[in-house]
Amino acid sequence: MSWNISRGVLATCIIVVLLLICVPLTESRYLIDLSTEILVYALFALSLNVIIGFSGNVSFGHAAYFAIGGYANAILLTTYGWPLIFAFPAAVILSGVAAAFVAYFCTRLTDIYFAMLTLAFSMLVWAIAFKWRSVTGGDDGFVGVTVPAFIDTRVPFFYFTLIIVTISCITLWLICHSAFGQSLIAVRENLTRAGFIGVNTRLMRGIAFVIAGTFAGVAGAIFAMYNRGVYTESAFWAESAQVLIMTLLGGMYSFFGPAIGAAALYLLERFSNEYTEYWPTVLGVILLIIVLVLPEGLVGLAKRLKTRFMGGN
Amino acid sequence: MTVLNTSNLTIDFGGFVAINNVNFSLEGGEKHAIIGPNGAGKTTFFNLITGHLKPSRGEVSFKDKTITALAPHKIVKLGLARSFQRINIFPRMTVFENIQTSLIARDNKHFNFFSPGSAQNREETRELLELVGLEDEFAEIAGELAYGKQKQLELAISLAENPTVLLLDEPTAGMSPQETSVAIALVDEIAKARKLTLLFTEHDMSVVFGIADRISVLHHGEIIASGSPDAVRSDPEVRRVYLGESDDAAA
Amino acid sequence: MDMLLSSPSFAFIQVLNSISLGMNLFIIAAGLSLIFGVLRVINFAHGVFYMFGAYIMYTVSKDLQLGFFTGVIAAAVGLSVIAIIVERGLFQWLYDKEHLLQLLLTFAIVLIMGDMAKIIWGTDQLSVSYPEGLGGASNVGFTFYPTYRLMLCVVGPLIFFGLWFLIERTRWGRLTRAATQDMEMLSALGINVPIIYVTIFVIGSALAGVGGSLAAPINSPTPGMDATIIVECFVIVIIGGLGSLWGTFVGALIYGFVFNFGSVIVPNWQDVFAFLLLMAVLLIRPWGLFGKPEQEGH
């Protein structure tokens, strides 16, 4: 089985994982928290890219599955007292099922209507979370999530997150580089042509959507425990917009791009908030730069610089 | 033996009847050209056959199986492939990947999550690239190739499906006379080697009369003549449509 | 609910409320629909344009005391200027790029202009007074109804008629309609296509500004009002059909009725209605009541 990963990329991944393993050794609460959050968002962004970068559709409502994963996990753990081993997978499966439901209808539509429907659905999830106070806590949020004892403290939780996210990333990587993944890229590149080589493009896009939703659910489920609470903001369109920007900032045409974008945006936001309260403007300017100058994101920029300085192939 | 057949095929775009009651049949093993002035409906006709458009009336059948308005990916699986007038390739993939992905789809491996994409059908991809003369460009990004080479890639993708019937929509569009004769020689050779039935549209008359066994003439969405090259060449209606029109243009 | 059934004047007031809400929304949504019809882009910034219209009305009529009508004009002019800057400065570089990038550009505008509004006008809710003469209530038969809202019921159809005339009966309108069909052809015929783009963008944005200025007395200018309005506009243009003027008109009325009667019959759930309606339309008939189905495969 010859999975084609370049040695440079593989080495970088291993180094990153090793560095992450060492983070708790710094004993810096700030750094551990930061790393946990970045890991969650990296997975969230990677999952969205299965839809955008790999199958060529746009979702404005990816936060829905993040929120469903979060709320489901929180509710099962806390309200129903399920052990993590059942609650977590159940939450993830629920996200996947929701994604399947939406995908069935979305894939019938083209571009803009597809995006609108994903947005409508995620706002519906938001509205339900908002109104269904008895179950979700409404706009006060679902607070006091029961976190299992073995990951109840900062460092064990970090390693738990690291393990789950790493396994998820490896799985996503394998999927995206499999025969399925390559065919999905063809669907993105030329929808008509993909049909004319015998690919059921609607089914492919649907499966991609479900995969994306499932892993967003994983990210959401982790975050619910980390945050010890789930809030309606998780389903709001602003959350979907943020993860979309992360994906694009990093680079939608590369597998790891979105993870890089998640880290970059997250750090930029933290940094910007130290100096100004106008993060939206900063974000807007970043977006303008991406859109006008760097549509291929940071990874695209890196590739261009590499060609420039190393001269050709 | 008839491999492709349309009966009473019609499409009405809200008042504009682009294809009007076309009864057409394609015989196995032949090289059949469809010619006609611009706007005659040649591409529309192809789109109707290959499931890209749904007809308002009429039927299309392929090897005795009704395929009217069947989804394109299902028609392809039956053995009918097409190339496009405007280049329709996978621009950001390499030439190699373009072919490889087509072969993956042909073998129905596109739902396979467990095998790496890059390892599939490598040998066969190489062979196909050699067949169309693109073996040197295998690592190039498809969208950056020269136009003529993109056309070759276009052809290779259509062939990857192992079709029995190949529809070529203006295969030499935009080519110089030299490129045209090279491309057509290639198509002819491949058709012979793989025993393909060929249906193609063309403007270049030298191509048409060079390799076609039979010619059909499409005008305003209707077939006004169909037969051997000599028969069509001397058909008065055809002459009127072509020569009559060029007389008007000159005036 | 019982009130509706037992009191005809209450019901009648709700009907008028629905119509006046619908008409106000129509003015705004028409701009969005127009821009999509020609430029094929959903302008997310339409909401902040509306918000700026409301804020401009505040500054002109309250701060500078120049009068309500002046405020409306100022909103139209102000948004036109903004639109020209946005279109020529940013948007024109993206016409041949992917739609996603265009959408993100409009979203960037939302972020930046949203903050600009906070800087210029602060974060408190501001209040705009009704114009003189239109502030009271009029006798509409068996009850009294706010005159201002009656004015909206009249202005809406007027603007509809004005737009309809512009699009269907003028040479410029014919060119614009042709532009939606075949941009390249028009350009090859020597028509200055960029001017058409700018003009449409300006008219659409000015409509948002006017809608905002007219809404200001009812919906006090406040941060975040752009988010509410853009969702309502989406619902309306999707129901009516993107790019269809008549569709936007009908869609706005439908929305007005659903929202109003919804909040009377099932209070507190009206926001959910909007999304349910949106989803229903997208699932059953995505191109809306008066739109055209688009071909798959692009």
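The model is predicted: local features need pLDDT of at least 70, side-chain atom pairs count only at pLDDT 80 or more, and totals for chains, interfaces and linings use all residues. Residues are numbered from 1 along each chain as its sequence is written, while chains are lettered from A and ligands numbered from 1 in the order in which they are written.

Start at strand β8 of chain B, residues 197-201. Helices (H or I, at least four residues) and strands (E, at least two) are DSSP runs, numbered from the N terminus. Five of the five residues in β8(B) are buried (20 or more other C-beta atoms within 10 Å of the residue's own, with C-beta atoms placed from the backbone). In a regular strand the side chains alternate between the two faces of the sheet. In β8(B), B:T197, B:L199 and B:T201 point one way, and B:L198 and B:F200 point the other.

Now look at the neighbours. Strands pair if DSSP finds at least two bridges between them. β3(B), residues 31-35, pairs with β8(B) in the parallel sense over four bridges. B:T201 is the bridge partner of B:I34. β7(B), residues 165-169, also runs parallel to β8(B), joined by five bridges. Here B:D169 has B:T201 as its bridge partner.

Helix α6(B), residues 177-194, forms a right-handed β-α-β unit with β7(B) and β8(B). Right-handed means that, with the strands pointing away from the viewer, the path from the first strand over the helix to the second runs clockwise.

Turn to the interface. 24 residues of chain A are in contact with 32 residues of chain B (C-beta atoms, placed from the backbone, within 7 Å). On the chain A side, α8(A) gives the most, with eight residues.

Notes: Buried ≥ 20, exposed ≤ 12 C-beta atoms within 10 Å, placed from the backbone. Contact = placed C-beta atoms within 7 Å.
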